[in-house]
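I opened the model to look up a few side chains. My notes follow in the order I took them.

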Amino acid sequence: MAESKQSSGQLPGLGSPIGGRAGIPARQREQIEKLQALLEKGIEHIRNNEVDEARAIFRGVLTQNPNQPDALNLLGTLEATQGELMQGLELIYRAAMLRPRDPVILNNLGHTFSKLYKSEDAIKYLERAVAI
């Protein structure tokens, strides 16, 4: 994962752009910015190998919004890297169902299927990610 925000206006590890919110009402824009800050804080905890803190942040986001795709993807990827492959797969899969054309989520789903030795599923999702 990159150390800073990419120049494309996209947060590393997230599928949604952080810029381009000019037409969004102020209150909704504020909520998006708060969510973005929380997710960034969780990513920073991962970078610092503070897994429990990151997990708590992502779970907190999901408590407020159980269908938040970025939090599902990030928590799922974290769980998978910590050896909880089935739990991670379930979370990433939910994110993919909510955002089926997100190449980051599809890539993470493919890699998690690969770790579970489910080659056909891994190839299917990795090919989808590349095609986008």
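How many aromatic pairs does the structure hold? I looked through this predicted model and found one aromatic pair.

**Aromatic pair.** I noted both the distance and the angle, because a pair of aromatic rings is described by the distance of the centres and the angle of the planes. The partners are Phe113 and Tyr125, with ring centres 5.6 Å apart. Their planes stand at 10°, so I logged the pair as stacked; the cut-off for that is under 30 degrees. Phe113 sits in helix α5 and Tyr125 in helix α6, so the pair ties together parts twelve residues apart in sequence. I checked burial next: Phe113 is buried, and Tyr125 is too.

**Core.** I then turned to the largest nonpolar core, which has 28 residues. Which of its members touch the most others? I listed Leu39, Phe58, Leu75, Leu78, Leu109 and Phe113. Helices α1 (26-47), α2, α3, α4 (85-98), α5 (103-115) and α6 (119-131) each supply at least two residues of this core.

Leaving out residues up to four places away in sequence, Leu75 touches Arg55, Phe58, Arg59, Leu62 and Leu91.

**Loop residue.** Last, I looked up Gln68, in the loop between α2 (51-64) and α3 (69-81). Is Gln68 buried or exposed? Its relative accessibility is 8%, so Gln68 counts as buried; the limit is under 20%. What does Gln68 contact, neighbours within four places in sequence aside? I recorded Leu35, Leu39, Val61 and Leu62.

How values were computed
Residues are numbered from 1 along each chain as its sequence is written. This is a predicted model: local features need pLDDT of at least 70, side-chain atom pairs count only at pLDDT 80 or more; totals for chains, interfaces and linings use all residues. Side-chain values use heavy atoms; hydrogens and water are left out. Helices (H or I, at least four residues) and strands (E, at least two) are DSSP runs, numbered from the N terminus. Buried means under 20% relative accessible area, exposed over 50%, partly exposed in between (1.4 Å probe, protein chains only). Contact means heavy atoms within 4.5 Å. A nonpolar core is a set of buried Ala, Val, Leu, Ile, Met, Phe, Trp, Tyr and Cys residues joined through side-chain atoms within 4.5 Å. Rings of Phe, Tyr and Trp (its six-membered ring) pair if their centres lie within 6.5 Å; planes under 30 degrees apart count as stacked, over 60 as edge-to-face and the rest as tilted.
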